[in-house]
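These are my notebook entries from a first look through a structure that was new to me.

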Amino acid sequence: MKKIFVNPYLLLTLTVLFWSGNMIVGRGLHGAVPPLALAFWRWTIALMLMLPFALPHLRSQWPQLRARWPMVVFLGLVGVGGYNTFAYIALQYTTATSATLLNSFTPIATIVLAFLFLGKRLGRLETLAIVLSFAGVMTIVSHGSVATLLGLSLNPGDLWMLLAVLTWGIYTVGLQRRPAGVDPMLLLAAFTLVGLLPLIPAYLWEIDQGRTIAVSAASIAGILYTGIFPGFLGYVFYNAAVAAVGPNRGAQFIHLMPVFTTLLAAIFLGERPLWYHFAGIALVFSGIVLATRGPGR
């Protein structure tokens, strides 16, 4: 495990792989698991996994955590309570493909926010990297057709996904202001607890509306997946990687999502990759190779 943590780019790659699976699960279960239920149970499972690692640090590091409690609350609300809840609501109304396309705006949103609030600027190499990766994303989701791309239209789910993108960009930039000297697992557990609090009444409201989980092996497996991989491991890896390479470079890896979504669809859904998939994947990887060259932060 220690060898994994010395390579932030491997952490980012694994994180995006987990999150790509999350998109497929969220869309695949949209008829069986309501969005607020999925968000609530995802973070409940993740918190249970975090606590054994976090609690030993609570007594000694509580003063640092309490001193920066407004930032802890803010990051917990946007990164845990906001992003995934909005994404799961989006997947009730839009396809995983559309959600993935809109999610690819995350690096751009992050860069703008990092410039506005942290004064971080892009070099020419980083700019070219973003252009290449984004072109690859567009190639994949448009099936290599300009007409298809122009024919895409926004629905309520797409608007929820854009809100999710904004909250994730805010979270990524906000990680640069996280409390110093606090164990990463304790900090993540604090974020998760804060994010769970508003989900409790929201989940109860959803139940009151008659929207409950259709319990089956598939729905239980899907909920467990979201809690263990994108919920627990994904956030642990992402927070550690962003701390090492900065928000601009970390967000660039979001462009891997359509790549992994294509591969996962081929493996689990039997969808055969076509020429535009390979062209898009090549562009995305070219952009990431450029992004990981030069100074890290």
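**Ground rules.** I noted that this is a predicted model, in which local features need pLDDT of at least 70 and side-chain atom pairs count only at pLDDT 80 or more, while totals for chains, interfaces and linings use all residues. Residues are numbered from 1 along each chain as its sequence is written, and side-chain values use heavy atoms, with hydrogens and water left out.

**Helix pairs.** I began with the helices, which are DSSP runs of H or I with at least four residues, numbered from the N terminus. Two packed helices are described by the angle between their axes and the distance between the axes. The axes are lines fitted to C-alpha atoms, over the stretch in contact for helices, and the angles run from 0 to 180 degrees between N-to-C directions.

I looked up α3 and α11, and found that they pack at an angle of about 150°, with their axes 8 Å apart. That makes α3 roughly antiparallel to α11, a term that applies to angles over 145 degrees. Their crossing is left-handed, which is the word used if the near helix is turned anticlockwise from the far one by less than a right angle, whereas clockwise counts as right-handed.

Next I took helix α2 (residues 8–28) and α12, whose axes come within 8 Å and cross at roughly 150°. These two helices are therefore roughly antiparallel to each other, and α2 passes α12 in a left-handed crossing.

For α4 and α11 I wrote down axes that come within 11 Å and cross at roughly 65°, in a crossing that is right-handed. The contact, meaning heavy atoms within 4.5 Å, is made by L58, Q61 and L65 of α4 and by L186, L187 and A190 of α11.

**Aromatic rings.** How many aromatic pairs does the structure hold? I found 19 of them, where rings of Phe, Tyr and Trp (its six-membered ring) pair if their centres lie within 6.5 Å, and planes under 30 degrees apart count as stacked, over 60 as edge-to-face and the rest as tilted.

One of these is the stacked pair of F53 and F232, with 6.4 Å from centre to centre and 25° between the planes. F53 lies in helix α3 (residues 35–54) and F232 in helix α12 (residues 217–245), so the pair ties together parts that are 179 residues apart in sequence. F53 is partly exposed at 46%, whereas F232 is buried at 10%.

The rings of W168 and Y238 have their centres 5.0 Å apart and their planes at 50°, so this pair is tilted. W168 lies in helix α10 (residues 156–174) and Y238 in helix α12, so the pair ties together parts that are 70 residues apart in sequence. Both W168 and Y238 are buried. I also noted a cluster linked by ring pairs, which takes in W19, W43, Y83, W168, Y171, F191, Y235 and Y238.

**The core.** Which residues of the largest nonpolar core touch the most other members? I found M161, F191 and Y235, out of 69 residues, with such a core defined as a set of buried Ala, Val, Leu, Ile, Met, Phe, Trp, Tyr and Cys residues joined through side-chain atoms within 4.5 Å. The largest share of this core, 11 residues, comes from helix α11 (residues 184–208). Beyond its neighbours within four places in sequence, M161 is in contact with M23, Y83, A87, A90, A99, L102 and N103.

**Single residues.** Q61, in helix α4 (residues 58–67), is buried at 14% relative accessible area. Not counting residues up to four places away in sequence, Q61 touches G181, V182, D183 and L186.

G81, in helix α5 (residues 69–90), is buried, with a relative accessible area of 14%. Leaving aside neighbours within four places, I listed G76, G195 and L199 as contacts of G81.

F229, in helix α12, is partly exposed at 31%. F229 and F18 are 211 residues apart in sequence, yet their C-alpha atoms are 5.7 Å apart in space.

Methods. Buried means under 20% relative accessible area, exposed over 50%, partly exposed in between (1.4 Å probe, protein chains only). Angles under 35 degrees count as roughly parallel, over 145 as roughly antiparallel, 65 to 115 as roughly perpendicular and the rest as oblique.
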